[in-house]
Amino acid sequence: MRSVKSLVKGWKAAAAGLAVVIVIVVQALGLGAVWPQELAEPRLDEEIAKQEKIFQRRGAAVPSGYITNRGLSDYAELLPTGFCDALGRLGSSDRWLDIGAGAAQAILDYYAPEGDPPSGEKCARSVSKARAVAMSIEDRRTDKWREQAANLGDDRIRYLSGKSLRHYSVEELGKFQIITDVFGGFTYTADLSRFVDKVLSLLEVGGGFYTLVPGVHLESGDKLGTWYLTELEDAAGRPLRVCSWLKQTACAQVTCESKSDWKRPTELINIRKVCSNVSVPHLKLWEFEAGYPPARRFQLDP
Ligand SMILES: C[S@@+](CC[C@H](N)C(=O)[O-])C[C@H]1O[C@@H](n2cnc3c(N)ncnc32)[C@H](O)[C@@H]1O
């Protein structure tokens with residue numbers, strides 16, 4: 001008969017063997033990748049907290065690269081072809097949302113009284129004006145905004161601040177014909193797929209999202225020696241271009257204009273919502289380094 005000691009020894013050996021088998025199976029299923037992500041999470045949180053602090057800087061502490069007062073003519077230059085025409089076609093009951101509006105100078109230019117110098121001359125002035133909503137995490141309203149808002153009333157221009165896009169519901173914000181984002185959430189978010197999903201949920205079918213993203217692999221091809229800010233990978237870890245990812249979205253018609261000769265390779269993006277069953281392929285955040293803009297790496301979820 002075997003002794004208790006030898007039985008225990010046998011169980012221990014079997015348990016060790018089982019552990020090895022479990023590790024092999026977990027790795028074979030690709031579940032092993034969970035570990036580095038879990039270990040990296042506190043660091044991601046730290047960087048995201050640093051980013052929040054950058055948003056809140058005031059006066060001389062605002063980094064010179066963190067520009068918050070671009071006007072409508074800058075939007076006309078930075079956004080994809082067709083933005084000004086689309087804005088000009090809006091009627092007085094239509095709605096325009098500017099995500100990451102900063103001081104909301106673009107909306108102020110859009111609503112500038114007829115006699116004022118036409119700072120937004122690159123976007124032709126339309127007679128009827130859409131209702132406009134400016135959204136910014138931090139409140140960067142100026143005296144000019146307060147004055148204009150008092151003259152026009154809350155019904156025409158609104159400024160929302162204190163939280164990021166993902167914290168608003170569709171019921172709270174309503175729907176829009178045009179949504180813009182110029183170096184706002186699309187460039188700064190740590191959750192790119194959820195951000196796009198929310199934007200599209202706020203668009204009316206037939207409406208358009210106009211944005212840009214700097215420092216990315218371009219649809220038109222890359223230049224050697226470029227340093228990228230936003231990098232995407234497919235589920236197998238191969239490089240994925242931001243437009244190729246967006247083009248996998250159901251109910252969205254995506255057009256990209258590659259700017260390879262800008263300071264950073266930049267993709268100008270227009271997404272037209274063509275039906276309501278939008279589904280954005282999910283991206284997982286792997287790296288985030290706070291900055292203006294931050295550096296980010298995402299991977300497509302299998
Ligand atoms: C660099 S400023 C750009 C301001 C303006 N668009 C311009 O070009 O002058 C970045 C803006 O994006 C906003 N922002 C960043 N991430 C955001 C998010 N997830 N939701 C809403 N606003 C966001 C910031 O609060 C800030 O207003």
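## Composition of the ligand shell

In the classification used here, Ala, Val, Leu, Ile, Met, Phe, Trp, Tyr, Cys and Pro are nonpolar, Asp, Glu, Lys and Arg are charged, and the others, Gly among them, are polar. The model is predicted. On that basis, the shell around the ligand consists of 12 nonpolar, eight polar and two charged residues.

In total, 22 residues surround the ligand, and R70, G100, S136, I137 and E138 are the closest. Two secondary-structure elements, β2 (131-136) and α8 (185-188), each contribute at least two residues to this shell.

A nitrogen atom of the ligand lies 2.9 Å from a backbone N or O atom of V182, and a backbone N or O atom of L165 is 3.0 Å from a nitrogen atom of the ligand. At T68, a polar backbone atom is 3.4 Å from an oxygen atom of the ligand. Of the 600 Å² of accessible area that the ligand has on its own, the protein covers 97%.

## The loop residue L90

L90 is located in the loop that runs between α4 (83-89) and β1 (95-99). Is this residue, L90, buried or exposed? Its relative accessibility is 6%, so L90 counts as buried, the limit for that class being under 20%.

L90 and A130 are 40 residues apart along the chain, while their C-alpha atoms are separated by 5.8 Å.

Notes: Residues are numbered from 1 along each chain as its sequence is written. This is a predicted model: local features need pLDDT of at least 70, side-chain atom pairs count only at pLDDT 80 or more; totals for chains, interfaces and linings use all residues. Side-chain values use heavy atoms; hydrogens and water are left out. A residue is near a molecule or strand if one of its heavy atoms lies within 4 Å of it. A polar contact is a pair of N or O atoms within 3.5 Å; within protein, one must be able to donate a hydrogen and the other to accept it, and residues adjacent in sequence count only if both atoms are side-chain atoms. Accessible areas come from the Shrake-Rupley method with a 1.4 Å probe; for residues, only the protein chains shown count as cover. Helices (H or I, at least four residues) and strands (E, at least two) are DSSP runs, numbered from the N terminus. Buried means under 20% relative accessible area, exposed over 50%, partly exposed in between (1.4 Å probe, protein chains only).
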